[in-house]
Amino acid sequence: MTDPSRYDLQLHLLDRQIVDPDGELVAKVDDLELTPSRDDPRTLYVTALLVGPLALGPRLRGRLGRWVVAIARRLSDDAQPAPHRIDMALVQEIGSAITVSRRRTDLAVEPLERWVGDHVVNRIPGSGA
Amino acid sequence: MRARGRVVGILAAMLLTACVAPALSYEGYAQQATMTAADAVSAARTAVLATRTDEQGRMTGAALLVLVQESEAALGTLGSTFDSVQPPDDGRSDALRRELDGLLQDAQSAVQDLRIAARRGDDAAMSLAAAALATAGDALADFEELHQP
Amino acid sequence: MSRLFAVALGILTAIGGFVDIGDLVASGVVGSRFGLSLAWATILGIIGICVFAEMSGRVAAVTSRGTFDLVRERLGPRAGLLNLSASALVTLLTFAAELGGIALAIELATSVHYLLFVPTVGAAVWLIMWRVRFSVLENVFGLLGLALVVFAVALWQLGPDWGALLNEVVQPSLPSDEGYPVYFYYAIALFGAAMTPYEVFFFSSGGVEERWTPKDILTSRINVFVGFPLGGLLSLAIAACAAIVLMPQGIVVDSLAQVALPVVVAGGKLALAAAILGFVAATFGAALETGLSIGYSAAQYFGWQWGKYVRPYKAARFHAVVLLSTIAAVTIVLTTLDPIQVTEYSIVFSAVALPLTYLPILLIANDGEYMGEHVNGRVGNALGVTFLGIIMVASIAAIPLMIYTKAGQ
């Protein structure tokens, strides 16, 4: 693949599939958390992968994007809703998908999955839960 | 804001004029009539073909009923749709309307008889009704041929 | 030996699974109105679906990723979402049409009104999507769909003038009572019926479900290049039967029962039973495919775990989307809209949505970063680009022609 020290954010990170060590699909990289370097504020580091509607909404831009963010805020339990974070330290490999080192259930970035599971899918016989 | 309002206004005006259909010419009306006749021929002859196939013992009762009932429904809809079209104000159109109405009614009563006979399993009555329906279908086909623009 | 068996199974499944309610209705209507003078449109559609199904199968085998997963990566979230919305809506309409088709086929067998079957049929379709293993689902309905071969048998039994038929195909001419706008409207409809968008999503997602690797590319190609054309021949047989039996009498197809009528005339009750079995298998199989495709598309766009290769509790959102889609499709049918009308609209809108589906696949299959050595060759690209052009023409002309001809009158 490409030289591992140089990544094009758009090409290699954004909208990539995130996969856990068991091969299960976690989420798409909806946005990136960029933090200015302490030494030189003009240099930005990618510090986390952002996941979920609060991250995707702004990238959809326009009225649709604002609408998505508003609904996500309403449905969130937190007082200050923020996008779900996967710290870059958890990223093991960047290839055609991004592999992280923690299992899907331990990452806890899929509240909708849990809600749908608890209230709908797992109540149907045969779900394997 | 004002530009959007104008577009909405124009669209509304267009819709309104479309709802109140302009009066047809004789040619337009004749076209409606021939299209109706063609659809009626299709419905009538479907039922006739189904019955003839059943007479040869090659059709199931269920399929026959479905085909006959579909034809009956189609002929009914064709009649009421055609009747709802306003004919232009001249003698030719009125004559056309009377003629097609008569032919459609012949077909409708024949297909009703056919459906009743099919439900009862009355083969003799079915044959008679199918023959009447075939005649009505042929008459409709002639009508269509004659008034083709 | 088992390899040969697998290949044979794949081909037979592809043949039986090719036809869906759109092909049944479009072929029946066109055969009864235009004879075989529109066969070229069906043939063009068959070649087109072969080209793009091969591409999407190859993409799945090489990347182990589904179409929409890659579409979002390649086109970005906004374009990807537009693509997803349009495809999902068209596929939902097709799903409703297939459900209607299943109910109509059962009505033909029982003479009980089709609406009464719809909720049960919907529940059965969902239950099978929920519980039955992917490979079983594919194979059972694909093989049962082979019953539609009865149309080819009926055609032979009707003893047509083969020379005249072939002449109609090769030298198409406009029937005297039809105009060019309607002719091309139905050409687009036939094209849309053969190249349905959901087919590609399902095929590529199915490849991931079945864990294809590059070693499976050859099998996938055989399935596509042998199975699909033979399945397409069944569409042509349906049209030919309608042309021979119905067209001379001025009977125009506007119901599923009329599509079966030529087969009954030729082969009697046994042939009718085979035709009904074929109708049910084809529409049921397609209902499963469209329902799952909506789930695949949404899950792949958003990055959710999807697929029947994991237990349902691990793919809750995917299964929720499939369930909601089934409910929505059942609701559409229960509005008592004529299922044949719904079918005709679904194939025309499919034609409109075709560029959205196929352009991304062409882009990805051409991308060396994803495909490595399996990237499109020159022939593949030439075909792909040519068909993209045809698809664009069909897509742009579809709605204006539909309005101008008042949906084919």
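Author: Here are some labels and the values behind them. This is a predicted model, where local features need pLDDT of at least 70, side-chain atom pairs count only at pLDDT 80 or more, and totals for chains, interfaces and linings use all residues. Residues are numbered from 1 along each chain as its sequence is written, chains are lettered from A and ligands numbered from 1 in the order in which they are written, and side-chain values use heavy atoms, leaving out hydrogens and water.

Reader: Why is Leu75(A) called exposed?

Author: Exposed means over 50% relative accessible area, buried under 20%, and partly exposed in between (1.4 Å probe, protein chains only). Leu75(A) has 69%, so the word exposed applies. Leu75(A) sits in helix α3 (residues 62-75) of chain A; helices are DSSP runs of H or I with at least four residues, numbered from the N terminus.

Reader: What puts the buried residues of α8(C) on the same side?

Author: In that helix (residues 150-157), the residues Val150(C), Phe151(C), Ala154(C) and Leu155(C) are buried. They cover an arc of only 145° around the axis, so they lie on the same side of α8(C). That arc is taken from the directions from the helix axis to the C-beta atoms.

Reader: Which helices do those buried residues pack against?

Author: They pack against α9 (162-170), α12 (217-245) and α13 (256-302) of chain C. Contact here means heavy atoms within 4.5 Å.

Reader: And which residues does Gln108(B) touch?

Author: Leaving aside residues up to four places away in sequence, Gln108(B) touches Leu75(B), Gly76(B) and Gly79(B). Gln108(B) itself belongs to helix α4 (residues 91-120) of chain B.

Definitions and conventions. Helix = DSSP H or I, 4+ residues; strand = E, 2+ residues; numbered from the N terminus.
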